[in-house]
Amino acid sequence: MQITAFWRNVRFLQALGQVVFVLMLALAAGFLYANVSTNLARQGLTVGYDFLTNPASFDIGESYISYEASNSYGRAILVGLVNTLVVSALGIVLTTFVGVIAGIARLSSNWLISRIAAAYVGVIRNTPLIIQLMFWYFGIILQLPAVKEAVALPGPIFLTRRGLYLPGFEATPAFDAWKIYIWVALASLIVIWLIFRWIQNRYDLPPPLWWYSAYLFLPILILWVGFMLQPEPPLKEMIPELAGLNFRGGLRLTPEFAALLFGLVVYTGSFIAEIVRAGIQAISRGQVEAARSLGLTTAQTLRLIIFPQALRVIIPPMTSQYLNLAKNSSLAIAIGYPDLFSIANTVINQTGAVIEVIVIIMLSYLSMSLFTSLLMNIYNSRVRLVER
Amino acid sequence: MAAIEMQPPRLSVGPIAWLKKNLFSTWYNVLLTFLALGLLYALLKPALQWALTEARWGVIEANLTLFMIGQYPREQLWRVWLTIYMLGGMIGLSWGIWKEAARGFALIALGAGLAFIVIGLLLNSNVWINWLIADAVLLAFYALGRILPQRGASIATLGWLLYFPLIFLLVAGTRFIPWLPPVNTNQWGGLLLTLMLTIVGNIGALPLGVLLALGRRSKLPILRYFSIGYIELIRGVPLVTVLFMANLLVPLFLPVNLRPPDAVIRVMIGFIMFEAAYQAENVRGGLQAINRGQYEAAQALGLSGALTMSLIVLPQALRAVIPALFNSFISLFKDTSLVAIIGLFDILRIARSVLAQSDWLGTHREVFLFAFIIYWGFNLAFTYGSRRLEEAMGVGKR
């Protein structure tokens with residue numbers, strides 16, 4: 001049996017390489033740690049998360065959870081996180097619509113439509129988002145007329161430099177009593193879905209088509225019973241109207257929120273448009289021709305043949321665009337929307353807790369990213385091509 | 001014969017047929033066309049009206065130098081011009097030697113030079129002479145490249161390798177050369193700073209990115225998990241937090257007795273750290289595209305692991321990812337505008353400072369549109385040049 005010298009043994013060398021790598025990492029970490037602690041000691045700073053419970057004593061422009069200046073730093077950061085989540089979630093939904101429409105428009109047989117879509121994609125993709133945000137905020141929204149001369153769009157939607165006013169719904173006093181019916185209606189939907197799935201698995205065939213009307217029928221029935229017992233509706237429409245110097249009623253989007261949301265949606269939409277276009281073009285022409293020869297209409301071909309197949313190509317890059325949108329919402333600091341990053345920045349300036357707050361920021365964005373990619377991976381595995 | 005008497009089918013050519021085919025083919029296309037026309041009219045009419053009558057474009061003309069180089073000392077301006085002449089020379093030389101591959105970039109550079117000559121003449125500024133020199137240098141080096149012997153390719157490669165360190169030296173200056181006094185990095189600004197950040201960020205990140213990509217595909221678990229951890233951490237957080245971290249933490253991480261580097265250098269470190277993770281993923285894509293047979297053939301020839309990597313695999317992998325690397329160049333070029341948040345005077349921050357001048361209050365649209373045009377034009381030109389290069393190299397064709 002041939003014995004290899006240990007310095008020629010591949011496994012030994014590999015193990016040695018890793019040990020050396022770990023040692024180097026440990027040395028570097030130790031060096032950095034020593035530097036940080038001397039530097040912090042010289043500046044008279046200590047590392048720790050005690051500051052989170054101290055009163056923040058700064059105001060935040062808008063928040064979806066209750067907050068006032070006497071609340072703690074921890075609460076302030078939480079407000080920022082919620083603000084980031086709200087704008088990201090809304091942005092992801094809206095940008096999907098914009099992107100898909102622009103992507104299809106890019107392939108339209110109508111020359112004008114496809115040129116407009118191409119111009120949108122070409123200009124928006126090639127300029128920095130942060131300048132776009134500033135353009136929308138300083139150049140457009142803050143230049144809108146004052147409340148008195150608001151631009152009125154059908155809806156009614158009012159555009160003013162103080163913000164955007166949209167119609168919306170608000171809860172009436174009867175909303176609490178209605179909660180039970182809404183929950184029962186939702187629960188019934190889940191129960192129907194479970195029953196159908198059980199039937200499908202048990203008898204290995206889909207339930208008859210008319211059964212699906214139960215999805216529609218049962219919730220309506222429950223809500224109707226609710227209406228009999230509780231005549232006052234749970235929600236009331238709110239229409240913005242000019243009252244004195246300001247608008248009353250309706251939803252108000254602050255200029256910062258409106259500019260950020262609009263900028264993120266327009267920017268990410270241009271990337272999604274390219275993804276959608278590439279996904280549709282990846283479907284071989286034969287698929288379209290086969291569908292047409294089967295007598296499907298253009299709309300049917302798009303809906304039944306092209307889209308389900310294109311989805312597989314589209315979803316992975318789409319996920320990273322959603323993540324980009326959430327990450328790009330950190331540019332809110334440039335236009336003064338109080339998102340996680342901008343509030344954390346204020347906290348650093350006030351407390352000097354650089355390391356701690358940067359760790360909080362990074363962990364928040366990282367967990368958001370991981371959570372979104374988890375959801376999209378689950379969805380992706382459901383639409384993936386099942387190979388035989 | 002009857003067939004000869006037949007008229008050609010009507011309306012298959014000509015503008016009306018084109019309109020019918022492309023705009024009015026079906027009832028919903030007619031509807032869409034009119035909707036789009038209405039939308040364009042509603043948007044473009046006020047926009048054009050504003051641009052031609054209300055807009056105060058004087059703000060751009062008055063601050064053009066500021067936009068281009070920020071607070072860079074005006075008496076040292078010749079150094080910036082010299083980098084442009086050298087770029088012209090290198091592009092011309094590459095055009096002469098590699099012909100097809102560099103032609104896109106060369107035509108763009110020539111055209112841009114001509115456009116700037118015209119603009120300079122129109123604005124009554126002396127810069128047209130500088131651009132004329134740049135174009136002349138380009139053409140002269142093109143001629144030189146054509147007559148150069150076979151060694152040409154290696155000379156040009158060496159030239160490009162030297163070019164980037166050289167322009168950095170030229171712009172930054174050094175204490176050791178009396179006629180090249182150091183220019184503090186906080187005086188860099190405008191498009192100059194933007195381009196320096198882009199170049200340093202991309203070139204500095206490439207070696208790190210290659211190492212991380214190799215680490216991620218390594219069989220050694222510790223190396224692999226370290227690379228995965230680094231790449232996913234950086235890709236999971238926004239760039240602005242990485243820049244922020246570099247800006248605030250680099251001074252903390254350095255030994256006490258060492259003078260912390262300037263903000264520009266700190267931000268460059270941040271860009272390199274960030275870009276390395278993305279380029280690692282690009283390179284990994286290229287590595288995955290290499291056929292197993294290549295490894296086996298290299299092994300059969302008796303090459304060691306390191307030689308296989310550096311002679312066989314990496315050259316092919318890097319060639320395959322050239323389009324992705326160009327894309328990341330463009331996206332980093334756009335991303336440099338984030339340094340305005342840290343407080344560096346790139347184009348965006350200059351724009352903000354111009355808006356604070358008392359003469360030009362309220363010219364937000366003009367200034368931001370100008371910034372858009374710089375970025376858009378540069379990206380368009382770069383995309384065109386790189387696409388021609390990819391076509392000539394046959395990337396993705398084989």
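**Packing between domains, chains and helices**

Mentor: Let's start inside chain B, where 10 residues of domain 1 are in contact with 10 residues of domain 2. Bear in mind throughout that this is a predicted model. The assignment for chain B puts domain 1 at 73-183 and domain 2 at 187-382, and their C-alpha centres lie 24 Å apart. Between these two domains of chain B about 920 Å² is buried, with carbon and sulfur atoms giving 87% of that area. On the domain 1 side, look at B:Phe105, B:Phe168 and B:Val171: they lose the most area to domain 2 of chain B, and together they make up 47% of what that side buries.

Chain A is divided up in its own way. Its domain 1 comes in two pieces, 73-123 + 257-383, while domain 2 of chain A covers 175-222. The C-alpha centres of those two domains of chain A lie 31 Å apart.

Now step out to where the chains meet. Here 53 residues of chain A are in contact with 51 residues of chain B, and the area buried between the two chains is about 4,900 Å², 76% of it from carbon and sulfur atoms. On the chain A side, A:Gln18, A:Ile131 and A:Met362 supply 13% of the area buried against chain B, more than any other three residues.

From α11(A) the contact uses A:Val354, A:Ile355, A:Ile358, A:Ile361, A:Met362 and A:Tyr365, and from α12(B) it uses B:Thr241, B:Val242, B:Phe244, B:Met245, B:Leu248, B:Leu249 and B:Leu252. Sorted by type, the residues of this contact are 12 nonpolar, one polar and no charged.

For another pair, go to helices α8 (residues 285-293) and α9 (residues 298-328) of chain A, whose axes come within 10 Å and cross at roughly 140°. That angle makes α8(A) oblique to α9(A), and the crossing is right-handed. A:Gln287, A:Val288, A:Ala291 and A:Arg292 of α8(A) meet A:Thr298, A:Thr301, A:Ile305, A:Ile306 and A:Gln309 of α9(A). The residues of this contact divide into four nonpolar, four polar and one charged.

Technical notes: Residues are numbered from 1 along each chain as its sequence is written. Chains are lettered from A and ligands numbered from 1 in the order in which they are written. This is a predicted model: local features need pLDDT of at least 70, side-chain atom pairs count only at pLDDT 80 or more; totals for chains, interfaces and linings use all residues. Side-chain values use heavy atoms; hydrogens and water are left out. Axes are lines fitted to C-alpha atoms, for helices over the stretch in contact, and angles run from 0 to 180 degrees between N-to-C directions. Helices (H or I, at least four residues) and strands (E, at least two) are DSSP runs, numbered from the N terminus. Angles under 35 degrees count as roughly parallel, over 145 as roughly antiparallel, 65 to 115 as roughly perpendicular and the rest as oblique. A crossing is left-handed if the near helix is turned anticlockwise from the far one by less than a right angle, and right-handed if clockwise. Contact means heavy atoms within 4.5 Å. Ala, Val, Leu, Ile, Met, Phe, Trp, Tyr, Cys and Pro count as nonpolar, Asp, Glu, Lys and Arg as charged, and the others, Gly among them, as polar. Domain bounds come from an automatic or database domain assignment. Buried area is the accessible area (1.4 Å probe) that two parts lose on being put together, summed over both.
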